[in-house]
Amino acid sequence: MKLPSHDAAAREVPEDRSHRVILPRRTPKAPIRQVARRLTMALLVLVATVFIVWIDREGYHDNAGGTLDLLDCVYYATVTLSTTGYGDIVPYSASARLLNILLVTPLRVLFLIILVGTTLEVLTERTREQWKLTRWRNALRDHTVIVGFGTKGRSAVQTLCATGLPRDRIVIVDPSTKVVESAVSEGFAGVVGDATRSDVLLRAEIQRAHQIVIATQRDDTAVLVSLTARQLNKRANIVAAVREEENAPLLRQSGADAVITSASAAGRLLGLSVHSPSAGAVMEDLIQQGSGLDLVERPVVKSEVGKSVRETGDLVVSVLRGHRLLGYDDPAASPLQAADRLITIVRAAAEEPAVPGKPPGKPTLPGTGVSPMRPADE
C-alpha cells in the first residue's frame, strides 16, 4: 500500500494563488465561522425580543390603531434593537414597560455588542497580523530559505535544526497551501507561491538570507529558482538538489554553490550497503545529524593552530584551506592555520538538562566551544 508523501502534496495544484506569507501561530482561527456564529447569536437575540413583545402585545400602543400582530412585533423588535426608535409603537402598560427595562434593553445592548464586536475584532485581527508581519520582516536577517518542503526539503530542515539553527530563522517557500500550513504548524514561517517568481522570493526576504536550500521536485524548476535567487542575493550560500546528474553543471552555472544529485547519492549509498552493510549504516549515521556520529565543519580553535591534523582532539577527515579541500593525509594539511576549517567526525552531543531560571545555552560542536551556525558577518 502506497502512503501519501509530502512530495505528493507538494505537487498538488495550489488552492490559493495569491502569494501569502504565513507566520506561526498557536491557535488557527476561522474568521468566516466566527462571523457566522455571531450573526446566529444576533438572530437569536432578535427572535427572543420578538417573542417577548408578542407575549405582551396587549401592553403596546400602535399609532396606526389596532393590536399588534406578528409583523408589528418583528418591526418593533428590529427598530428597538437597532436603536432607531421611530416611536410609532410604544409600550404603555406597566408590564410591557417592565419587560422593556429588564429584558428588551439588555438584549438591545447584547445585540449591539455582537455586531460592533465582530467588526472591531476583524479590524483588530487584520491590524495585528499586518503589524506582526511587518515586525517579522524588519527583524529577519541572515536567515535560511527552504524552497520546497517535500521529502528532501523536510530532511534538510531537520538537519539544520539538529545543528542548532532556530526554527524562527527558517522560512519555507512552497506552491501548495497545505504544505506551507503543515510547515507553519511545526513553527516555521511560510510563503505560498511559485519560487521561480522574484516577488515570491522577496516575500521570504531572500535578499537578506544567509543560506538558500533548493529542494524542488523538478530540475528545470531548481535551475530557475537558483537563477532568480542569485540575482536577488549575490552573497548567499545556495545549495540545490537535482535528480539527474547531467543537470548538475547547469545548476552550478545558474548560481548554486553546491549541488547534490539525489538519485546518484542514493544509488551510491545502496551500492555501499550491498558491498558492506556496516559501512552503509555508518554513512547513514554520519549524514543524520543529532544522533550517533556526526560529520561537522568547524573552524580551527586557537589551541590547534600550528599543530598537525592528527594532534587535534577530533577525528579530522579533511581540511578546508581557502578554496582547497585537503585530505587528512595530505602533507600540505599540516600544520593547521588559523583560517582553516576542519571537516571532522564527532560523537553527537547529548542535550543538557534544562536548569530552572537559566536560559538554554547556545549549541556548540562536540569537543569544542564553537557554535556550528555563525552569522555571515563573523
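Q: Which residues is isoleucine 212 in contact with, leaving aside its neighbours within four places in sequence?
A: Val145, Ile206, Ala229, Ala236, Asn237, Ile238 and Val239. Contact here means heavy atoms within 4.5 Å. By the way, this is a predicted model, where local features need pLDDT of at least 70, side-chain atom pairs count only at pLDDT 80 or more, and totals for chains, interfaces and linings use all residues. Residues are numbered from 1 along each chain as its sequence is written, and side-chain values use heavy atoms, with hydrogens and water left out.

Q: Ok, and what is the largest nonpolar core like?
A: It has 30 residues, and Ile212 and Leu251 have the most contacts inside it. Helix α8 (residues 219-232) gives the most to this core: four residues. A nonpolar core is a set of buried Ala, Val, Leu, Ile, Met, Phe, Trp, Tyr and Cys residues joined through side-chain atoms within 4.5 Å. Buried means under 20% relative accessible area, with a 1.4 Å probe and protein chains only. Helices are DSSP runs of H or I, at least four residues, and strands are runs of E, at least two, numbered from the N terminus.

Q: What lies apart from that core?
A: Another core, of 11 residues, including Ile146, Phe149, Val157 and Phe188.

Q: New topic: how many helices and strands are there?
A: The protein has 11 helices and 13 strands.

Q: And how much of the protein is buried?
A: Of its 378 residues, 37% count as buried.

Q: Where does leucine 120 lie?
A: Leucine 120 sits in helix α4.

How values were computed:
Buried means under 20% relative accessible area, exposed over 50%, partly exposed in between (1.4 Å probe, protein chains only).
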